[in-house]
Amino acid sequence: MVNFEIDQLRAIMDKQAQIRNMSVIAHVDHGKSTLTDSLVAEAGIIAAASAGDQRFMDTREDEQERCITIKSTSISLYYKKTTDDGKSNEYLINLIDCPGHVDFSSEVTAALRVTDGALVVVDCVDGVCVQTETVLRQALSERIRPVLMINKLDRALSELQLSPEEAYMNFAKSIESVNVVIATYDDGGFGDPQVYPEKGTVAFGSGLHCWGFTLRKFAKMYSKKFGIEEEKLMKRFWGDSFFDAKNKKWVKENKGGLQRAFCQFVLDPIYQVFHSCMQNDKEKLYKILPLIGITLSNEEKNEQDKKLMKLVMKKWLPAADALLEMIVTHLPSPNVAQGYRYEHLYNGPLDDKYAQAVKSCDPNGPLMMYVSKMVPTSDKGRFFAFGRVFAGKVRTGMKSRIMGPNYEPGKKEDLYERKTIQRTVVMMGRYTEPVDDIPCGNVAGLVGVDQYIVKTGTLTNEECDDACPFKDMKYSVAPVVRVAVEPKNLADLPKLIDGMKRLSKSDPLVLCSYNEESGEKIIAGAGELHLEICLKDLRDDYCGGIELKISEPVVAFRETVVETGARDSLTKSPNKHNRLYMHAEPLPEELQDDIEKGKVTPQDDAKKRAKYLSDTYGWDQDVARKIWAFGPENSGPNIVVDATKAVQYLNEIKDSVSSGFQQAVAEGALCSEPVRGLRVNLTDAVLHTDSIHRGAGQIIPTAKKGFHAAQVLAGPRLLEPIFLVEIQCPDSVLGNVYSVMNKRRGTIDQAISRPGTPMYNVKAFLPVLESFNFTSYLRSETAGQAFPQCVFHHWQVVNGNPYEKDSKLREIVLGVRKRKGLKDEIPGIADLEDKL
């Protein structure tokens with residue numbers, strides 16, 4: 001029975017100190033959804049008996065079939081906590097269960113943006129894996145406070161059969177690995193985010209069997225016996241601390257036969273209960289039960305083995321209590337969290353009224369809401385806009401102003417004014433509950449704005465003309481695997497294009513592009529699994545089941561240059577009255593990363609940016625101040641610099657040259673792929689004195705052709721995307737893994753054995769081009785014992801020269817040109833440059 005009404009929920013929404021927004025994040029298959037079940041059962045939404053098996057948060061059919069989470073799902077839980085002095089506090093916990101698979105890590109980013117705390121789940125057998133590290137890095141970059149759950153303790157007891165001391169070492173190592181990752185990515189802006197068992201920020205337990213504990217639980221049990229306060233006991237229960245029973249005192253060193261306090265007082269009782277249940281030693285069990293304050297009914301006494309163990313452990317150490325206590329005590333409430341998060345969120349001046357309303361989480365301030373993702377409704381093709389209210393209140397029927405991710409203050413593009421919010425709802429897993437309004441500090445679903453928001457957006461009151469939007473999210477993966485889609489029956493084309501628009505709403509990362517010239521319809525995703533799920537959704541949900549022709553997966557390349565141009569290129573305008581001279585050179589790899597991470601942006605102050613470039617990369621200060629544009633889309637890792645001396649009318653063509661640059665780097669000279677790492681210097685220009693002869697129509701095509709000519713002169717190459725593959729496998733199949741990687745042009749980076757187990761963690765680099773069917777091929781070669789995880793890592797230059805016959809690079813370039821319907825020949829300098 002659900003033990004709360006929607007009105008109770010709405011009442012707590014106003015009490016900010018009693019709200020917690022959190023996401024559950026971890027590596028794939030470490031037990032997030034299973035663990036979340038015990039929290040959902042505690043709120044009475046599902047039966048306690050089915051918790052652990054039901055995976056309530058996996059709402060889609062394919063999630064239940066494949067046993068993985070694909071979309072992050074939000075649910076609001078009401079929880080009453082009784083303190084020791086008999087007072088009871090009510091809490092509202094907005095929980096988001098995230099996927100663990102690396103292909104869906106964009107869902108994790110979207111969930112982290114709207115929450116303030118994260119429950120990080122680590123499997124005690126597998127330890128900290130590659131995806132654990134990725135999600136922790138994302139959480140810390142959004143300034144989200146983590147707490148840790150060491151999960152699957154039942155495996156440590158039954159499968160690995162660790163002794164208490166070995167188990168302690170295992171846990172300590174996992175906790176240390178997590179803290180190392182946290183310390184690496186912590187920006188120091190919000191206290192110490194590391195986790196410590198003795199402070200109660202680490203829980204141990206088993207999600208499947210619904211039991212768990214923090215050290216506080218045992219400190220409570222023993223504090224009367226020892227006559228020591230709970231806080232002091234918790235410190236004694238972790239680390240090098242031993243109880244000398246003879247002399248009745250605590251010692252720091254083991255001076256002969258003493259057992260570590262954690263093993264003696266925490267693990268021993270658990271081991272005894274666990275083993276007496278599993279071995280059906282009921283005599284011993286009935287002696288222990290009164291000591292830990294548990295009574296079994298006659299019916300329950302007849303249970304055997306695992307069922308008995310699950311029953312007893314769940315009654316004695318309920319997982320939900322340990323987790324909820326940890327969440328409520330150690331995760332921040334919205335008004336605390338927004339105080340240190342606002343500067344990373346708001347994209348405008350930090351002293352205006354909107355930033356201050358977000359900082360103080362002010363319900364009476366102007367509405368500031370960020371929509372982080374779109375959730376499909378049961379009505380095909382319509383979406384809830386799901387997001388977080390950071391300031392003010394969002395009400396049913398109110399008029400709002402919607403700013404998309406490309407909106408710039410003062411301009412009109414990507415801006416929708418006076419749009420009505422039809423309903424506000426609370427997301428409850430697979431259901432929604434309508435409410436009148438939702439105040440700040442909470443997550444909300446909105447109905448009726450899905451036609452204006454593509455993936456993300458910022459909502460504010462209709463009269464707030466001077467509000468700036470929130471910063472867009474940075475994803476840790478890139479859509480590098482793409483397929484072309486065609487309908488089998490051409491009459492279905494409009495349905496397909498409509499379906500692609502809806503698909504691009506439904507997933508934060510997927511890219512759907514339609515090229516009207518060549519008629520090519522492309523869908524790009526983060527990996528094979530991501531793409532497979534997107535295509536299934538497209539076919540079944542968004543196109544009404546029409547038949548589709550899907551091409552083999554192809555890889556997104558980038559074009560680049562590898563040497564400084566031998567000379568300047570010259571291009572003339574169509575009317576022959578204007579000449580542009582350009583010269584290309586490569587941008588350093590580190591500078592490309594700086595631009596992508598936002599350290600160097602077009603919005604920076606020119607003087608500060610010039611100082612940074614001259615200090616870090618040795619640029620000439622005068623040249624560095626004359627950066628005209630970044631591209632593509634005004635923000636990519638390519639730069640055009642004005643290196644001219646005393647040219648008349650130059651300012652008048654700046655915009656036209658910049659537009660030409662955007663076009664030239666969006667589709668490069670070799671095979672119309674985006675360009676990366678190109679710096680073009682405009683070295684000279686001869687312009688007509690009459691402005692009518694140097695308009696945009698004359699300059700833009702000239703500039704575009706000039707940039708391409710400069711690129712061809714500077715040793716053009718292709719960059720291919722490279723995956724970082726992390727493979728977990730036993731040592732017996734290491735040789736097979738190596739041979740598979742060699743066949744696929746892969747390079748092994750490192751292979752580390754995991755102490756205490758025969759397992760190895762292998763890190764390797766694999767070109768995305770070779771990664772199709774890699775997973776199934778690797779599993780067939782290693783009899784299913786190796787588990788790979790592929791994450792996009794970096795771009796690498798493909799060897800060879802595109803202008804040499806028989807080079808592999810030429811083959812790839814011609815293949816891409818053929819697919820795009822371009823001419824068969826790669827354009828040379830003679831095709832692009834004009835004669836003097």
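1. The side chains of E833 and R567 form a salt bridge, with N and O 3.0 Å apart; the term stands for a side-chain nitrogen of Lys or Arg within 4 Å of a carboxyl oxygen of Asp or Glu. E833 lies in the segment after α27 (829-832) and R567 in the loop between β25 (558-561) and β26 (569-572), so the pair joins parts that are 266 residues apart in sequence. Helices (H or I, at least four residues) and strands (E, at least two) are DSSP runs, numbered from the N terminus. E833 is buried at 17% relative accessibility, while R567 is partly exposed at 41%. Buried means under 20% relative accessible area, exposed over 50%, and partly exposed in between (1.4 Å probe, protein chains only).

2. Some points on the source. This is a predicted model, in which local features need pLDDT of at least 70 and side-chain atom pairs count only at pLDDT 80 or more, while totals for chains, interfaces and linings use all residues. Residues are numbered from 1 along each chain as its sequence is written, and side-chain values use heavy atoms, with hydrogens and water left out.

3. The whole structure holds 31 salt bridges. One of them joins K488 and E547, at 3.5 Å from N to O. K488 sits in the loop between β20 (481-487) and α17 (493-506), and E547 in the loop between α18 (528-542) and β23 (548-550), so this pair ties together parts that are 59 residues apart in sequence. K488 is exposed, at 54% relative accessible area, and E547 is exposed as well, at 52%.

4. R694 and E652 form a further salt bridge, their closest N and O atoms being 2.5 Å apart. R694 is in the loop between β30 (678-686) and α23 (696-713), whereas E652 belongs to helix α22 (residues 650-666), so the link spans 42 residues in sequence. R694 is buried at 6% relative accessibility; E652 is partly exposed at 48%. Elsewhere, salt bridges link R113, D116, E142, R341 and R388 in a network.

5. Two lysines are buried. K521 lies in strand β22 (residues 520-525) and has 3% relative accessibility. Its side chain makes a polar contact with the side chain of E486 at 3.4 Å. A polar contact is a pair of N or O atoms within 3.5 Å; within protein, one must be able to donate a hydrogen and the other to accept it, and residues adjacent in sequence count only if both atoms are side-chain atoms. Not counting residues up to four places away in sequence, K521 touches V483, V485, L493 and Y514, among others; contact means heavy atoms within 4.5 Å.

6. K71 is in the loop between α3 (61-66) and β2 (73-82), and is buried at 11% relative accessibility. A polar atom of the K71 side chain lies 3.5 Å from the backbone oxygen of S506. Leaving aside neighbours within four places in sequence, the contacts of K71 include E63, D97, E107 and D507.

7. The largest nonpolar core has 80 residues, and those with the most contacts inside it are F171, F204, F237 and I270. Such a core is a set of buried Ala, Val, Leu, Ile, Met, Phe, Trp, Tyr and Cys residues joined through side-chain atoms within 4.5 Å. Helix α10 (residues 261-278) supplies the largest share of this core, 11 residues. Beyond four places in sequence, F171 touches C124, I150, L153, F204, W238, F262 and L267. Another core, of 67 residues, lies apart from the largest one; among its members are F383, C534, V768 and L778.

8. An open sheet of 5 strands runs in the order β26-β27-β30-β29-β28, with mixed pairing; two strands pair if DSSP finds at least two bridges between them. β26 and β28 (627-631) are the edge strands, each pairing on one side only. Strand β29 (residues 638-642) pairs with β30 in the parallel sense over 4 bridges, and V640 stands opposite V680 in β30.

9. In strand β15 (residues 423-428), 5 of the 6 residues are buried, so this strand is largely enclosed by the rest of the structure. β15 runs antiparallel to strand β18 (residues 443-447), with 3 bridges joining them; R423 has V447 of β18 as its bridge partner. β15 also pairs in the antiparallel sense with strand β16 (residues 431-435), over 5 bridges, and there the partner of M427 is T432. β15 and β16 form a hairpin with 2 residues between them, and G429 in the turn has a positive phi of about 65°.
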